[in-house]
Amino acid sequence: MKRFLSIILLAFSISALAQSNIPDPPKLQSVSVIPESAPVTVKITWLPSDSTDVAGYIVYKVVDNITTTLDTVRGRQTTSYEYTASSANATSERFRLAAFDNDGYKSTITEPHSTILLKSAFDKCERKTTLTWTNYTGWGTNIANYRVYRKFTGTDYQLIKTLSATTNEYVDENLANGRWYCYYIEAVKNNGTTASSNSIDFTASGHQGPSCIKANYASVDEDQNIALNFQIINSREVTEFQILRSINSDDNFSPIASFPYSGQTQILYTDTDVDASQNIYYYKLVAIDPCGQISKSSNLASNILLTATSTEMTEHDLEWSEYRDWVYPPECRNNNTDGGVLSYKIFSYFDGAAQEIGNTGQGGLSFSNNIAEYVKRCHDKGIYLTSSFCYYVEAYENTQDIPQQQISRSNVACVYETPIVWLPNTFNITSKDESNRIFKPVLSFVKDYPYEFVIYDRWGQQVFKTTDVNVGWTGKDAKKYYHTDYYVYTIKYADYKDKEYSKSGTFYLMME
């Protein structure tokens, strides 16, 4: 019985001795994500164990509520460990510690500390970001506050806000478009100990518009409306395109047409609400993003305004406005495009037939045309001349890519000459020259309607009448030749203002 009691006392003594050899645990201070670390790194810091025979520390990670050994570090005075395989930028991670001595005895495991997980949501429309984060755990109720740190391109981190221990959200507003930003959160303990979150960075850019929008031309068409052509390259986050117009200025634009985005690479539009003979209109195409904001704009395109005046009879002076502008945004340029206007070509537009009559260089905005020779040639050939002499101008893009060269046409501008009507006082119906066998007015600058040419004999009887400016009297009808005698003519005609004139006189019909 005594022997049995002795064995029990010895076992109790050994157990007590073993219990007294367990080392004191370290004091876990913080688990902190190193901002911008790559790979993502968590730094664990602690105060060393009070037991002098501690040989090192065991680092644990809690995964799915199971404490697993992560690593071992040696040395009692070692007070930090960096975990470089962390996923703390995606999830909050928990860590614990224990000390071990030279005899292999291990201390109790500390309570876990968890990292702060920071997330952000950037609002492209409002140009703001909302930061949210998880609570730091491990200090209990001893968190004093949270601090928000920020840096952007070209700066170091700066403290931008201090928030209460119960706050887990901060909104940073008025971010500059296109600027890179980086944030992290710092928890502060009552004693000044800190722990940082993962860092979040992004570029505060809005919705991505097309990579390029080009205004190919604004050109006056045959109906004197303005035809527009725009090219779109690589559209992205676009809800619609809008054509903006400004009158007599390159500011104060307002929309005149919109086109929902459907993958189009070209937009054609004809502006009919214009007076292209009086005004210059400036156009551009803009892309509208999902926020309702303009994300990309084209270069300007404007119509060419041409004016034509007659300084003296048969001398016509033309002046026109400069085309704007084929100066594309940098992202739209290529090696074949120098930009601007290469030259202007001038066309006459008489009786609906166009003919190039001259050209000027890039800066030439005027031209003179004398039609005296043209009028003489028409008279010699007996060709009817209208009272209106019209012109238009074409601008040509300054580019080496000739197949893709853009052209803009001006309005049609006309000069109206005062009517000239001349009639001979004699004509010979038996002349050897067939052209002399017809009696008709020589007309210049007269409208072809209203028109009336009448011939009477000496007794006032009408012998001929026509309303066709090209028809004359042959001195005969289906039954007979008229006698050699004096006859009277009357002619009624109108000028370009529809002002009516009348002229009368006598002439002698003769036969050889």
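Guide: Start with Pro39. Its place is in the loop between strand S1 (27-33) and strand S2 (42-47). Keep in mind that this is a predicted model.

Visitor: What kind of peptide bond joins Ala38 and Pro39?

Guide: A cis bond, with omega about 5 degrees. Most peptide bonds are trans.

Visitor: Which other proline is joined through a cis peptide bond, and where is that proline found?

Guide: Pro450, which a cis peptide bond joins to Tyr449, with omega about -5 degrees. Pro450 is found in the loop between strand S34 (442-444) and strand S35 (452-456).

Visitor: What is found at Phe445 in the backbone?

Guide: A positive phi of about 65 degrees, although Phe445 is not a glycine. Most residues other than glycine have a negative phi. Phe445 is found in the loop between S34 and S35.

Visitor: Where does Asp64 lie, and what is its phi?

Guide: Asp64 lies in the loop between strand S3 (54-63) and strand S4 (66-74). Its phi is positive, about 55 degrees, although Asp64 is not a glycine.

Visitor: How do you know whether Asp64 counts as buried or exposed?

Guide: Exposed means over 50%. Asp64 has 70% relative accessibility, so Asp64 counts as exposed.

Visitor: Why is Ser431 called buried?

Guide: Apply the cut-off of under 20%. Ser431 has 11% relative accessibility, and therefore counts as buried. Ser431 is found in the loop between strand S33 (426-428) and S34. Not counting residues up to four places away in sequence, Ser431 touches Asn436 and Arg437.

Visitor: What makes a set of residues a nonpolar core?

Guide: The residues are buried, of types such as Ile, Tyr and Trp, and joined through side-chain atoms within 4.5 Å. The largest nonpolar core has 47 residues. Ile226, Tyr283 and Trp320 have the most contacts inside it. Strand S16 (residues 212-220) gives the most to this core, with 5 residues. Apart from it lies another core, of 38 residues, among them Val42, Phe95, Leu131 and Leu175.

Visitor: Which residues is Trp320 in contact with, leaving aside neighbours within four places in sequence?

Guide: Contact means heavy atoms within 4.5 Å. On that basis, the contacts of Trp320 include Ile304, Leu305, Leu306, Tyr344, Ile346, Phe367 and Val393. Thr360, Gly364, Leu365 and Ser366 are also in contact with Trp320.

Note on methods: Residues are numbered from 1 along each chain as its sequence is written. This is a predicted model: local features need pLDDT of at least 70, side-chain atom pairs count only at pLDDT 80 or more; totals for chains, interfaces and linings use all residues. Side-chain values use heavy atoms; hydrogens and water are left out. Helices (H or I, at least four residues) and strands (E, at least two) are DSSP runs, numbered from the N terminus. Buried means under 20% relative accessible area, exposed over 50%, partly exposed in between (1.4 Å probe, protein chains only).
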